[in-house]
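This briefing goes through one protein chain by topic. Please keep the sequence and the 3D view open while reading.

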Amino acid sequence: VEINNVTSDYDSIFFDLYVDNISEVDTIALYRYGELVQTLDNLDVRQFDGLYSNQEYQLEVTFSYDLNDGYGRQTETTNYWVWTSSKQYPMFSFDNVSATTESLS
């Protein structure tokens, strides 16, 4: 299982998964500072929303497989670290300003 095509904006992370023909995805989870933020209930979804901007997140996919080699079902994880983008500070400017000692217009 491979996590690829990862992109983000200021409050969402988008990704694709490559899953080979013997593996099965068990969980898709998102962590921030080592703490679980969200898990996806629908394992066909490839997006996390409602995130903080300008933060590093760890995307973790747990999967299992059986190679029919006598060891039974094996479980592994793959991870990908991604930053959400920062929001832009609002910009403003004043045009045609005139000032006197008693007013500003």
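In which sense do β3 and strand β4 pair, and over how many bridges? The pairing of β3 with β4 (residues 35-39) is antiparallel and rests on four bridges. The model is predicted, and every value below is computed from it. The protein chain has seven strands and zero helices.

**Overall form**

- Read along the sequence, the protein chain gives the pattern β-β-β-β-β-β-β.
- The radius of gyration of the protein chain is 23 Å, whereas a compact globule of 105 residues would have one near 13 Å.
- The C-alpha trace spans about 90 × 25 × 20 Å along its principal axes.
- Buried residues make up 27% of the 105 residues in the protein chain.
- Taking contacts between residues at least 6 apart in sequence, 52% join residues at least 24 apart.

**The open sheet β1-β2-β5**

- Three strands form an open sheet in the order β1-β2-β5, and their pairing is antiparallel.
- β1 (2-8) and β5 (47-48) are at the edges of this sheet; each has a single partner strand, so one side of each lacks a neighbour in the sheet.
- Five bridges connect β1 with strand β2 (residues 13-18) in the antiparallel sense.
- I3 is placed opposite L17, a residue of β2.

**β3 and its partners**

- β3 also runs antiparallel to β6, and eight bridges join the two.
- S23 faces Y65 of β6 across this pairing.
- On the β4 side, R32 has E35 as its bridge partner.
- β3 and β4 make a hairpin that has two residues between the strands.
- Y33 is located in the loop between β3 and β4, and its phi is near 55°, a positive value in a residue other than glycine.
- Y33 has a relative accessible area of 66%, so Y33 counts as exposed.

- N54 belongs to the loop between β5 and β6.
- Although N54 is not a glycine, its phi is positive, at about 55°.
- The relative accessible area of N54 is 43%, which makes N54 partly exposed.

**Nonpolar core and aromatic pairs**

- The largest nonpolar core holds 18 residues, and F15, L17, I28 and F48 have the most contacts inside it.
- β1, β2, β3 (23-32) and β6 are the elements that give two or more residues to this core.
- β6 supplies the largest share of this core, with five residues.
- In soluble globular proteins, nonpolar side chains tend to be buried together.
- There are two aromatic pairs in the structure.
- One of them is the stacked pair of F15 and F48, with 6.1 Å from centre to centre and 20° between the planes.
- F15 is in strand β2 and F48 is in strand β5, so this pair ties together parts that lie 33 residues apart in sequence.
- Both F15 and F48 are buried.
- Apart from neighbours within four places in sequence, the contacts of F15 include I3, V6, I28, L40, V45, F48 and L59.

- T62 sits in strand β6 (residues 56-65), and its relative accessible area of 14% makes T62 buried.
- Which residues does T62 contact, leaving aside its neighbours within four places in sequence? The contacts of T62 are E24, V25, D26, T27, T75, E76 and T77.
- E60 is another residue of strand β6.
- Is E60 buried or exposed? E60 counts as buried, because its relative accessibility is 17% and the limit for buried is under 20%.
- Not counting residues up to four places away in sequence, E60 touches T27, I28, A29, Y31, T77, T78 and N79.
- E60 and Y80 are 20 residues apart along the chain, and their C-alpha atoms are separated by 6.6 Å.

How values were computed: Residues are numbered from 1 along each chain as its sequence is written. This is a predicted model: local features need pLDDT of at least 70, side-chain atom pairs count only at pLDDT 80 or more; totals for chains, interfaces and linings use all residues. Side-chain values use heavy atoms; hydrogens and water are left out. Buried means under 20% relative accessible area, exposed over 50%, partly exposed in between (1.4 Å probe, protein chains only). Contact means heavy atoms within 4.5 Å. Two strands pair if DSSP finds at least two bridges between them. A nonpolar core is a set of buried Ala, Val, Leu, Ile, Met, Phe, Trp, Tyr and Cys residues joined through side-chain atoms within 4.5 Å. Rings of Phe, Tyr and Trp (its six-membered ring) pair if their centres lie within 6.5 Å; planes under 30 degrees apart count as stacked, over 60 as edge-to-face and the rest as tilted. The radius of gyration is taken over C-alpha atoms; the globule rule is 2.2 Å times the number of residues to the power 0.38.
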